[in-house]
Structures are given as structure tokens and as C-alpha cells.
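Please consider the structure shown here.

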Amino acid sequence: MVRKNRLPIFPDDYIEDKAEEYDSSKWMERNQKRSTLISVEYLFDERLNDIEDIGTEMGESSLILDLGCGTGYSSEVLIQNGFRVVGVDILNDMLSKAREKKKISKELKKLELILADINNLPIRNNSVDYIISISSYNFIIHGLENYGEKVKLLNNTGKNLNNFLKNKGRVVIEFYPKDDNELKIFNKSFINNGFEGFVVKNKPKQKSGQTFLLLKKRM
Ligand SMILES: C[S@@+](CC[C@H](N)C(=O)[O-])C[C@H]1O[C@@H](n2cnc3c(N)ncnc32)[C@H](O)[C@@H]1O
């Protein structure tokens, strides 16, 4: 999610006192939760349905990965919507806030939290129903300047996510690509690695800004 007047900087905006600031911001909580709710609706968007099927039903036992779960705002919404949630984040400063909430909240008791890189996840193949990522996925290419390196990493991660999903598994990525070119390489990393789907932009004429990738594992 965009900070009030600018895009956040990784990792600076998520470590030490900034993690505390993030977690005590009501504005941030509202925005993360709103984006998560929109993304949950997109997970069941009928445009992803096959002609002959009625779509994947969400059930009590559906397992969802929350990639870049931060301090747990998005995971909380997912639990409230009936998912079993595994939240993953690379920064201990953010994840420890989620752990604190888990300790004191009955609702978050079942939340599973893993300190890991989205690009290198300890998840079994064919074990996950859904994947969601709220305001985090643009950071996975952090530190890479070279176009070829970015494409290679994105493709590798796209392939891994595809392997983690069960048949017809769905993914929604809500993120902030910095321009059309960046959007293209992120989208292609899914479409070229076993997914079908499409892009939804909050403000279509804006080059950057809130963007959703709605994806389904191709049969
Ligand atoms: C906007 S914040 C968290 C948003 C989260 N949806 C929430 O509800 O709090 C973005 C998060 O992405 C995480 N992140 C960035 N790169 C990552 C990576 N490669 N692997 C895992 N997490 C990452 C950051 O540590 C940060 O906590």
C-alpha cells in the first residue's frame, strides 16, 4: 500500500521503529484490509471460471498463502473470510508484530507464520489452494538493477508458485508496478509459467498505481 504521499521504500520503511509506526497506523490498517477484501473478491471473479465449471468454491479447509504478510492485517481479513492462512514475510521486525497479535488474539491463533523470502519458500508442491499478496510483490526484485536478472528471478518465482498450487488454484497479486514495462515483466512471469488470467487497474490511465493480477493455474 502506498504511504500517504509516496510509495514505500524497502526495507527502510519496514524495519525497527518504522515497523512499529506501520503497525500502529490506523490509516495503513484500513487500507491494507480494504485491498485484501477487494483481492478476496477477485479470487472468485467469474471471469476466471472455465466455461464448463462453476469455479472453485471457498471452503473451511482452503489453504491460502499470504505473501509478504507484514504485521498481519491482510492475514486477519483472510482468516475472517474462512481461509486457513500461512503468512510469509522476509523481515523479522514486521513478522514479530504479527506474532505478538497471534499470541493475544483468539481469531489469529491458527495463523501460521513463516520467516522466509517469497523467492525461496519452504512450501510443498501441490499443497496450496490460493495465493494472495497485498502491497508486497513489487519488492521481490529489490536490489536487482539488471533487466535480465529481474526477468530470471520473476520467472523462477512464478514457476515455483505454480508448483505449490493444486489444480485450478488461484492467485491475486495486488501491487504497485512503477511503469508499464515493470507490469509487463511481472505479468509475463505468470502467463509464461503455467497461469492464465488478466490485469485489473484501479485507474487504467495511470502508469503506476494500484494494480491487480488475477490468475488461475492452467490445466
Ligand atoms: C506493505 S508491507 C505488508 C503488507 C501486508 N499485506 C500487511 O497486511 O501488513 C510489505 C511487506 O512485504 C515484505 N516483503 C518484501 N519483500 C519480500 C520478500 N522477498 N519476501 C517476503 N516478504 C517480503 C516486507 O517485509 C513487508 O513486510
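Two strands are said to pair if DSSP finds at least two bridges between them. Helices (H or I, at least four residues) and strands (E, at least two) are DSSP runs, numbered from the N terminus. This is a predicted model, in which local features need pLDDT of at least 70, side-chain atom pairs count only at pLDDT 80 or more, and totals for chains, interfaces and linings use all residues. Residues are numbered from 1 along each chain as its sequence is written.

**Strand β1 and its partners**
- Strand β1 (residues 63–67) pairs with strand β2 (residues 84–89) in the parallel sense, over five bridges.
- Leu63 has Arg84 in β2 as its bridge partner.
- Strand β4 (residues 128–134) also pairs with β1 in the parallel sense, over three bridges, and Ile131 in β4 is the bridge partner of Leu65.
- Four of the five residues of β1 are buried (20 or more other C-beta atoms within 10 Å of the residue's own, with C-beta atoms placed from the backbone).

**Surroundings of the ligand**
- Around the ligand lie 23 residues (C-beta atom, placed from the backbone, within 6 Å), of which Gly68, Gly70, Tyr73, Ile90 and Ser136 come nearest.
- The elements giving two or more residues to this shell are α3 and β2.

Key:
A residue is buried if 20 or more other C-beta atoms lie within 10 Å of its own, exposed if 12 or fewer, and partly exposed in between; C-beta atoms are placed from the backbone.
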